[in-house]
Amino acid sequence: MVKEKTIQEKIKDWEVADLPEGLRLEFANASQAQLEDAFYQDLNFGTAGMRGLLGVGSNRMNIYTVAQTTEALARHMEKQGDDAKKRGVVISGDSRINSELFKKVSAEVLRAHDITVYLFNGPHPTPELSFAVMNLHTYAGIMITASHNTKEYNGYKLYGEDGGQLPPKPADEIVAERAGVTDIFHIKQVAGGIKKIGADMDKAYLEHVKTVTINPELIKKWGDKLTISFTPLHGAGGDLGSRALKQAGFNKVSIVKEQFEPDGTFPTVKYPNPEFHEVFKLSEGYQTDLELAVDPDSDRMGVGYRKADGSYAYLTGNQIAALMVNYILTAQQQAGTLPKNGAIVTSNVSSNLPGLIADSFGIKQFTVLTGFKYIADKIVEFDAKQDYQFEFGFEESYGFLIKPFVHDKDAVQAITLMSELAAYYKDRGMTIGDGLDEIYAKFGAFAESSEATEFPGEQGQAQMAAVMTRFRNQGPKNFGEVAVKTVEDNELRVSKDLTTGASKRISLPKANVIKYWLVDGSWIALRPSGTEPKLKVYIAAKGEDMAAANKQLTYLKDQINQLLK
């Protein structure tokens with residue numbers, strides 16, 4: 001077993017290393033507090049690989065931490081045999097600072113082990129990386145991205161041979177291998193023999209995106225009338241996103257030119273996150289019926305629509321999912337293609353509404369843990385057993401998947417379907433908001449929120465753990481005037497009914513999530529982020545109308561915030 005180095009031992013190693021000038025200057029100018037934060041741990045592997053601030057240190061994204069993790073992957077692959085090495089790894093990245101550099105380092109470390117490497121030229125979306133893993137039948141995939149984080153971050157996502165993010169067992173094995181890579185400054189790299197890919201994979205991927213369209217006649221009718229603005233937020237999705245909309249038949253697409261070119265400094269937005277309405281500020285100038293935004297690696301999508309009075313409204317991830325499920329199943333029913341064994345897959349902190357909609361069509365809902373790899377696992381299970389046909393998967397954090405030729409969330413697919421959905425309501429003389437009201441009238445109004453409290457640094461991790469322990473051991477029996485009916489603790493894998501005292505085992509895998517079901521049908525869930533030092537709180541409230549649902553949501557927010565103080 002390798003002895004873990006102390007912070008000061010790590011700092012000493014970096015002090016004597018021959019660092020590139022940028023890292024050397026950062027190291028020389030760092031305060032003791034900054035150094036301790038940069039070295040107190042190795043970057044964690046969470047629900048989506050590792051993600052961290054760019055800079056010097058073992059707790060930062062830099063050429064050494066990238067090389068160390070890739071060396072661990074290479075050693076893991078060598079233990080799987082020559083076939084794994086021959087099948088190889090496909091590598092991609094988005095537009096972030098140092099993405100191209102980290103791609104190159106990853107490729108050259110793998111080549112030093114004589115592992116086949118396919119390297120995307122330039123920025124490409126995360127979903128295309130997942131597609132490429134399956135298309136090329138590689139053993140693994142690496143995506144250099146920090147998703148929707150600010151410009152100071154980058155990250156490293158690992159994908160398994162099924163095209164989904166790496167499941168826990170091989171991820172744990174690679175983390176164990178990484179602990180044995182102690183001399184991170186002299187990891188061998190070989191530049192030759194790298195296979196470049198790009199245009200042909202784009203073409204193959206876009207051919208599959210054509211299958212997202214359900215009603216081409218509807219698009220033929222409205223493709224020249226529905227106006228759309230599209231922004232990739234300076235990320236990797238601009239080219240494929242705009243081409244996907246064009247090939248689907250949407251001809252009134254305005255590209256937000258100020259945000260189209262890939263730029264990892266994100267000059268027009270502080271947070272390149274389509275969850276935030278601020279990213280649509282430039283889009284509003286185009287005065288379109290529909291506004292679409294995707295994050296830098298194009299796996300998440302945000303949506304705005306123009307209301308009857310000309311102002312814009314913005315949807316939550318849960319609302320988008322409800323609209324999509326309703327449209328997919330309605331359109332299939334009308335076309336006579338609705339499967340008898342259809343299924344949707346959602347995370348356990350996402351809205352109940354899509355499941356209710358699916359049930360009304362005779363479609364089964366499956367609930368999994370947060371992390372799209374668990375949705376991908378269900379798709380693989382459906383394929384193996386041939387018992388269910390995948391119809392839709394989503395997480396409340398604006399991640400959607402329509403067709404399983406990708407095994408991760410896919411914003412290119414999502415903008416294509418969302419545009420068709422907008423045409424569907426336009427054909428009925430309605431806005432998307434009207435469509436949502438129509439759903440609420442049938443199933444009840446749902447109001448949800450997701451908020452995060454930051455716990456930075458080494459002390460922050462301990463504080464966040466203490467909060468979860470307090471809720472786990474001394475959890476509330478009511479939130480204000482609303483009593484708790486059931487507590488689900490995924491860490492203990494136990495669900496306890498507080499009204500009867502009865503307990504039962506939870507079938508989901510172990511995870512640090514606590515969910516409180518309230519007697520009025522609302523729920524509150526707490527979950528530490530797997531990629532950032534944040535405690536996430538999810539709240540869902542239901543009411544007879546949106547006013548009632550929003551009022552209850554506000555009340556529950558106040559109650560949980562008091563308990564978190």
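Modeller: Helices (H or I, at least four residues) and strands (E, at least two) are DSSP runs, numbered from the N terminus. The model is predicted, so to speak of local features a pLDDT of at least 70 is needed and side-chain atom pairs count only at 80 or more, while totals for chains, interfaces and linings use all residues. Numbering starts from 1 along each chain as its sequence is written, and side-chain values use heavy atoms, without hydrogens and water.

Start with two helices. H1 spans residues 7-16 and H3 spans residues 32-39. Their axes (lines fitted to C-alpha atoms over the stretch in contact) lie 10 Å apart. The packing angle is about 100°, on a scale from 0 to 180 degrees between N-to-C directions. H1 is therefore roughly perpendicular to H3. That class covers 65 to 115 degrees; under 35 is roughly parallel, over 145 roughly antiparallel and the rest oblique. Contact means heavy atoms within 4.5 Å. H1 brings Ile7, Gln8, Lys10, Ile11 and Trp14 to the contact. H3 answers with Gln32, Leu35, Glu36 and Phe39.

Rings of Phe, Tyr and Trp (its six-membered ring) pair if their centres lie within 6.5 Å; planes under 30 degrees apart are stacked, over 60 edge-to-face, the rest tilted. The count comes to 20 aromatic pairs. One of these joins Phe27 and Phe39, edge-to-face, with 6.5 Å centre to centre and 85° between the planes. Phe27 sits in helix H2 (residues 21-29) and Phe39 in helix H3, so the pair links distant parts of the chain, 12 residues apart. Burial goes by relative accessible area: buried is under 20%, exposed over 50%, partly exposed in between (1.4 Å probe, protein chains only). Phe27 is buried because its relative accessible area is 13%. Phe39 is buried too, at 0%.

Tyr64 and Phe185 make another edge-to-face pair, 4.9 Å centre to centre and 65° between the planes. This pair also links distant parts of the chain, with its partners 121 residues apart. Tyr64 belongs to helix H4 (residues 63-80). Phe185 lies in the loop between helix H8 (168-179) and strand E6 (195-197). Tyr64 is buried, with a relative accessible area of 9%. Phe185 counts as partly exposed because its relative accessibility is 21%. Trp14, Phe27, Phe39, Tyr64 and Phe185 form one aromatic cluster. Trp14 and Phe39 also take part in the H1 and H3 contact.

Now the nonpolar cores. A core is a set of buried Ala, Val, Leu, Ile, Met, Phe, Trp, Tyr and Cys residues joined through side-chain atoms within 4.5 Å. The largest has 80 residues, and Leu292, Met301, Met324, Phe392, Phe400 and Met418 touch the most other members. A second, separate core has 43 residues, among them Leu19, Met50, Val89 and Val117.

Val117 is in contact with Ile91. Ile91 is part of strand E2 (residues 89-93). Ile91 is buried because its relative accessible area is 0%. Ala146 is 55 residues from Ile91 along the chain, and their C-alpha atoms are separated by 15 Å.

Last, the backbone. Most residues other than glycine have a negative phi. His137 is not a glycine, yet its phi is positive, about 60°. His137 lies in the loop between helix H7 (126-136) and strand E4 (140-144). His137 counts as exposed because its relative accessibility is 56%. Ser147 has a positive phi too, near 55°, and is a residue other than glycine. Ser147 is found in the loop between E4 and strand E5 (153-159). Ser147 is buried because its relative accessible area is 1%.

Methods:
Lists of a residue's contacts leave out its neighbours within four places in sequence.
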